[in-house]
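Here is a short briefing on one protein model. Keep the sequence and the 3D view side by side as you read.

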Amino acid sequence: MEYFRCEGPDCGYVTSDPDLEVCPHCGGTFFVPVEEEYISGYGWMCLADDAHEKNDPAALEYLQRSADAEYPPAIFRLGRCYQYGELVEQDIDKARELFLSLEDREEDPAAWVMLGQLLQRGDGVEKDCEKAVELFTRAMDADYAPGACCLGLCYEVGEGVEQSWEKATELYRQAADQGDSRAQCNLAWCYEAGMGLEKDQKEAIYWYSMAADQEDPRALCNLGLCYERGDGVDQDWGKAVTLYRASAERDFAPAMCNLAWCYETGNGVELDQSQAVFWYGRAAEQGDARGLCSMGLFYEQGKGVEQDWSKAIDFYRRSAEMDYSPALCNLGWCYESGSGVEQNWPEAIRLYRQAADQGYARAQCNLGWCYENGAGVEQSWSDAVAWYAKAAAQGDARALNNLAWCYEFGRGVDRNMEEAVQLYQGAALRNYPPSVCRLGLCYENGEQVEQSWETAAKLYRKAAELDYPVAMCNYAWCLEFGRGTEKDLAEAFHWFKAAADMGNPRGLTRLGLFYEEGQVVEAQSWEKAVDYYRQAAEKGFAPGQCNLAWCYENGKGVEQSWEKAVEWYTKAADQNYPRAQCNLGWCYERGRGVEVNYDRAFQLYTAAAEQNYTPALCNLGVCHEMGWGTPQSWEKAVAYYRRAAEQGDDAAQCNLGWCYEAGRGVPEDLAQAADWYRKAAEQGYARAQCNLGWLYEAGSGVEKDMTEAIHWYTLSAKQGYPRAQCNLAWCYDEGIGVEQDYGVAVHWYTLAAQQGYARAQCNLGYCYEMGHGVEKNLEEAARYYALGADNGDPVSQCNLGWFFLNGTGVEKNPERSFELFMLAAKQNNDRGLYNVALAYANGTGTHKDRVQAVEWFRKAAAVGHPGAMYYLGQYSETGLGGLPKDLSKAREWYQKAAERGDKNAKEALERLNKAGDAPSPAPEPTPAVKPKTPDFAEDKCKDKGKGGFFKKFFG
């Protein structure tokens, strides 16, 4: 086995990989061979780590050799292996022997600290805090900062020594001054909490920053929390997120949870539930109670993941076993409701009580509700009030609201409306929407407050702005009828719509009525009225169901159908299944479906989308994009794509990325496009991988990076995506981002061409024409050009036209050549335009007509073709094609063509200069010359003509 050592200063990293280019430890790029006898204990440890990551059995051998070289971390690691039976058969005695050997390491304070920590925890050895203190003191006396820090912790918790915050902070400071990051973080916390010294947030920030500069994960997280809260620093969510991320990437579970929460709530970052799931999941994998509980909540709600009650229960249970109050409460609710488990009220009560006894306000409030309703316990208003009071004393808004209700109606306490109002006010101050709304009702009715429509309207508005739909409708009603505020139907419509957008059936129905009556809206619209009535009906709101049935019965906004009307009436009365009703109604409206119900797909999409089913949201976005079953609306398409994308749907993420790239429904934003493509690409979605590759190739929205472009093209191409296959082939064909390899190019062109991808057919034809990567075969080249031409590719049309013009690979046919050039010209292809002009100039394949030639030369010149500019110069010089003789104009055209590299134009300019501007006879235009390679740039961009429909069904 050959080994190589990094020659970076103070590094010495050793690897067995001869192809390793960059040292993972120091970033060095120079490696030299090293004999085994010269490998240090650290070097063997590096080899062991690398082998372990690769599941290489040699890991144990390397670890043993590192330990034999008396490298303390290896001795420690080997002890762990024996302790837990990893890589070796479990042997507790051997583990203990290795751990205790660390004590005998002369002049090795790091080894003493390792052993001291094991003794302090009783981890693998018998717990002995006094011995740990002795070892920590020994290390500290050797001027080893971690020893002083560990000794400080002993004084902090009173293990092996008498507890003393003052002594702890003294030792933390000693180690912190020596640069120990853990001690710096501990000292910062002491300043922040005022333990052992006077509370001083600025000093806390200073020491957190010192430790964070050393990338200490706990310090990074704590400093992030300071920026989140504005403690000792200006509040800054962006900095908080940056610090949380840095800590999370160093596997610190609390930071992972904090970062996940930022993504969950959109604080400091764009709201992204999939990222929230990722980071909560990382924390959960480490056994973090909060991470486990949060993952349970996400699976319960289907937020960022597909709803899965069994997984939710599993996460809650694991967190609850760690005595985590929120998880105990959540699991209690599952047993209460029978969600994910068989309903079990005694178990729900046990869990609520366990969390409530820990002082968890939500559990106390839930327990109060159980006593209020006699659910799982004997009904007791007095016990309900007692638990509500405990939670309310902690400021829990729901408990304040519930306790207020008890006082309002005299349940468990003497009726006391004054106390009720005060409690409602307390909850309202905490922005609890039901209390704000209820307080508004108190002012509306003059209950223990002076009656005031104005105050009622203000409170309804406040609750409405807190997204409480009941209050939205109440405030809208005030606006509609001028109670407490000036009558304003437009504003009333706004709030009914806001409530409707949240799915409030009263708001939906009222909004439908606005459209039915043509009040305030841009125009009376039965269709929109039907849409809102339908949404209200889908939510089981009887007035909405009846209104919709009436519309079907009378053909208002829908095609008249008694069958539909009866169906809606029946469902409203009996089944109350809104999603199926809505979509089935649409199917009947269009008169489509399989047999009686053709377009059941749209019904199912809408039904599932209203349950927040992610794929349905994306498909509904496609419907809005294409105008299938709904008026075409890029804005609505984007809204649905975004909802699905934020829940992690790869197709929706790709579609949303394309909307940002194309500026459809949102302002063009290439950086956002790249972000969404990346999310989908990282999930393995082929079209997104190709699109992201193109952005990297073009440097659009991201820094140009052909390595990244090749990476994404390859991933997509391997999944059979033809555009990626063609783009990847082109890179190999031209040697862009990879070493030129015609054989590989032909391979990928062929795969794409077989799928009917026109540009690949064209490029493969050129490979056969030139013998690049395949044996030269002009007939085969012509066949592929014909395939590309039939698929509308203008380059293929030009190349095949050139073959017909010259009889290359096909029988010579100037007329067919002209037809093909004209097809390309109609697509504004510069070669097509130029060749049509030449055909008219020479009478090749068509009648000779220099006037027509001039017109086509002008069109070709307008798109930058230098040959066309040259001939316009010739015609201007000689006065052909209906152009007047004009040497200055001729010079102008020659100059433009020469600047684009046309040799004939350069020669013409030289000739004019020598001859003193004397004109020369105009030569006949030369036949069209096929360029060396097809113009790949014409179709290098992504297929923007294909939107969501093609993506979803054919992508």
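Of the contacts in the protein chain with a separation of 6 or more, what percentage is accounted for by residues 24 or more positions apart? The figure is 47%. Keep in mind that this is a predicted model. The protein chain holds 50 helices and five strands. Of its 955 residues, 52% are buried.

**Helices H1 and H2**

- Helix H1 covers residues 41-53, and helix H2 covers residues 58-68.
- The two pack at an angle of about 160°, and their axes lie 8 Å apart.
- H1 is therefore roughly antiparallel to H2, because angles over 145 degrees count that way.
- The crossing of H1 past H2 is left-handed.
- On the H1 side, the residues that meet H2 are Gly41, Trp44, Met45, Leu47, Ala48, Ala51 and His52.
- On the H2 side, their partners are Ala58, Ala59, Tyr62, Leu63, Arg65 and Ser66.
- Sorted by class, this contact of H1 with H2 has nine nonpolar, three polar and one charged residues.

**Nonpolar cores**

- In soluble globular proteins, nonpolar side chains tend to be buried together.
- The largest nonpolar core in this model has 187 residues.
- Tyr3, Tyr62, Tyr208 and Trp495 have the most contacts inside that core.
- Helix H13 (residues 253-265) supplies the largest share of this core, with eight residues.
- Another core lies apart from it and has 75 residues, among them Ala637, Val666, Val702 and Cys731.

**A look at Tyr3**

- Set aside the neighbours of Tyr3 within four places in sequence, and its contacts include Val14, Thr15 and Ser16.
- Tyr3 is also in contact with Val32, Pro33, Val34, Glu36 and Ile39.
- Trp44, Leu47 and Tyr62 are contacts of Tyr3 too.

**Two residues with positive phi**

- Asp251 is not a glycine, yet its phi is positive, near 65°.
- Asp251 sits in the loop between helix H12 (237-248) and H13.
- Is Asp251 buried or partly exposed? Asp251 is partly exposed, with a relative accessible area of 46%.
- Asp467 is not a glycine either, and its phi is positive, about 65°.
- The loop between helix H24 (453-465) and helix H25 (469-481) holds Asp467.
- Asp467 has a relative accessible area of 49%, so it counts as partly exposed.

Methods
Residues are numbered from 1 along each chain as its sequence is written. This is a predicted model: local features need pLDDT of at least 70, side-chain atom pairs count only at pLDDT 80 or more; totals for chains, interfaces and linings use all residues. Side-chain values use heavy atoms; hydrogens and water are left out. Axes are lines fitted to C-alpha atoms, for helices over the stretch in contact, and angles run from 0 to 180 degrees between N-to-C directions. Helices (H or I, at least four residues) and strands (E, at least two) are DSSP runs, numbered from the N terminus. Angles under 35 degrees count as roughly parallel, over 145 as roughly antiparallel, 65 to 115 as roughly perpendicular and the rest as oblique. A crossing is left-handed if the near helix is turned anticlockwise from the far one by less than a right angle, and right-handed if clockwise. Contact means heavy atoms within 4.5 Å. Ala, Val, Leu, Ile, Met, Phe, Trp, Tyr, Cys and Pro count as nonpolar, Asp, Glu, Lys and Arg as charged, and the others, Gly among them, as polar. A nonpolar core is a set of buried Ala, Val, Leu, Ile, Met, Phe, Trp, Tyr and Cys residues joined through side-chain atoms within 4.5 Å. Buried means under 20% relative accessible area, exposed over 50%, partly exposed in between (1.4 Å probe, protein chains only).
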